[in-house]
Amino acid sequence: MNKIFQKMSMAALALLSVLALASCDAGDEDYTAGAPDPGYYLSASSTSLTYSSDENQVLALVVGRTDSTAAGTVNLTSDNPAFQVPSSVDFAAGEKSKTVMVPFDLPIGSTETVTFTVPSDESTVYGTDSLTFTVKRDYKWENAGSGTFTDNILYSISGVVSVEHAVGTNLYRWVSPFNSLFRQAGESDLPTGGNIQFSVDNGTVSFADGIYYPDDSKTAIPYFLYYDTANYPNYCNLSVDGSVVTINLLAGEVKDMQPAYTGSIVFDWTEGCPWRN
């Protein structure tokens with residue numbers, strides 16, 4: 001299989017870094033140091049978080065400040081009551097940053113967004129005064145067998161893919177199918193994530209309308225899958241024949257997000273098929 005996405009060489013990256021540094025050299029005649037602006041700001045190692053069903057529901061929010069000379073206090077607010085952020089955070093003299101642990105309470109299977117904010121009159125231009133998180137509390141997934149997954153829309157490849165079931169629901173998912181296909185095809189640049197979810201209710205398979213990314217990073221696979229039965233019923237539909245599930249759908253490139261290709265993904269559920277057991 002040909003490589004899909006060539007990364008910039010390290011030499012080119014090094015050259016860009018040198019040019020970037022040269023453009024803001026402190027020795028440049030036009031360089032002027034920024035004016036002091038004491039205040040508080042927010043940061044986090046990641047703002048897209050997924051928690052398992054049995055994991056503690058707590059996220060880490062870092063509150064920092066540009067001037068730690070004296071003790072201080074900053075107010076905090078959030079726009080989602082499910083997240084129990086403290087109304088204020090205290091700093092001791094010499095303390096530049098503090099990690100605030102924010103507990104929350106989300107139902108299993110739900111996804112919420114929350115924005116934490118420092119008041120504008122307490123913030124600094126040298127950091128963000130508002131930070132938005134996307135938080136998902138995932139289901140508990142159990143093994144539900146495996147089968148042969150065939151991609152007939154992007155690369156015309158197939159391989160063995162695992163299936164998982166969300167305990168207590170009728171939801172199932174193919175586990176990182178394109179990662180599995182790429183690995184089995186000998187690729188070294190592998191897509192990440194990209195689970196594809198569907199439901200099975202008394203032998204009836206359903207696939208929700210929407211956009212599906214076979215690669216969460218959108219770099220190893222710069223394409224998306226698009227299923228829209230309401231607007232494209234001739235191209236987007238599903239059929240089941242024995243243990244074989246065929247989903248006809250559309251696809252396109254993430255750079256313009258326009259559906260441009262037609263095709264299918266086919267799964268032969270050879271092990272663990274619930275309506276064949």
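I began with tyrosine 172, which counts as buried at 12% relative accessibility. Buried means under 20% relative accessible area, exposed over 50% and partly exposed in between, with a 1.4 Å probe and protein chains only.

The model is predicted, so I noted the limits: local features need pLDDT of at least 70, side-chain atom pairs count only at pLDDT 80 or more, and totals for chains, interfaces and linings use all residues. Residues are numbered from 1 along each chain as its sequence is written, and side-chain values use heavy atoms, with hydrogens and water left out.

**Aromatic pairs**

I searched the whole structure and found 22 aromatic pairs. Rings of Phe, Tyr and Trp (its six-membered ring) pair if their centres lie within 6.5 Å; planes under 30 degrees apart count as stacked, over 60 as edge-to-face and the rest as tilted.

I looked up phenylalanine 149 and phenylalanine 267, a tilted pair at 6.5 Å centre to centre with 55 degrees between the planes. Phenylalanine 149 is in strand β10 and phenylalanine 267 in strand β19, 118 residues apart. Strands (E, at least two residues) and helices (H or I, at least four) are DSSP runs, numbered from the N terminus. Phenylalanine 149 is buried at 1% relative accessibility, and phenylalanine 267 is buried with a relative accessible area of 1%.

I then returned to tyrosine 172, which forms a stacked pair with phenylalanine 198: 6.0 Å centre to centre, 20 degrees between the planes. Phenylalanine 198 is buried, with a relative accessible area of 3%. I also noted that ring pairs link Phe149, Tyr172, Trp174, Phe178, Phe198, Phe267, Trp269 and Trp275 into a cluster.

**Cores**

I looked up the largest nonpolar core, which has 35 residues; Phe149, Leu154, Trp174, Phe198, Leu225 and Trp269 touch the most other members. Such a core is a set of buried Ala, Val, Leu, Ile, Met, Phe, Trp, Tyr and Cys residues joined through side-chain atoms within 4.5 Å. Another core lies apart from it, with 24 residues, including Tyr51 and Phe91.

**Two serines**

I found serine 176 in the loop between β12 and α2, buried with a relative accessible area of 17%. Leaving aside neighbours within four places in sequence, serine 176 is in contact (heavy atoms within 4.5 Å) with Gly193, Gly194 and Asn195.

I found serine 53 in the loop between β2 and β3, buried with a relative accessible area of 15%.
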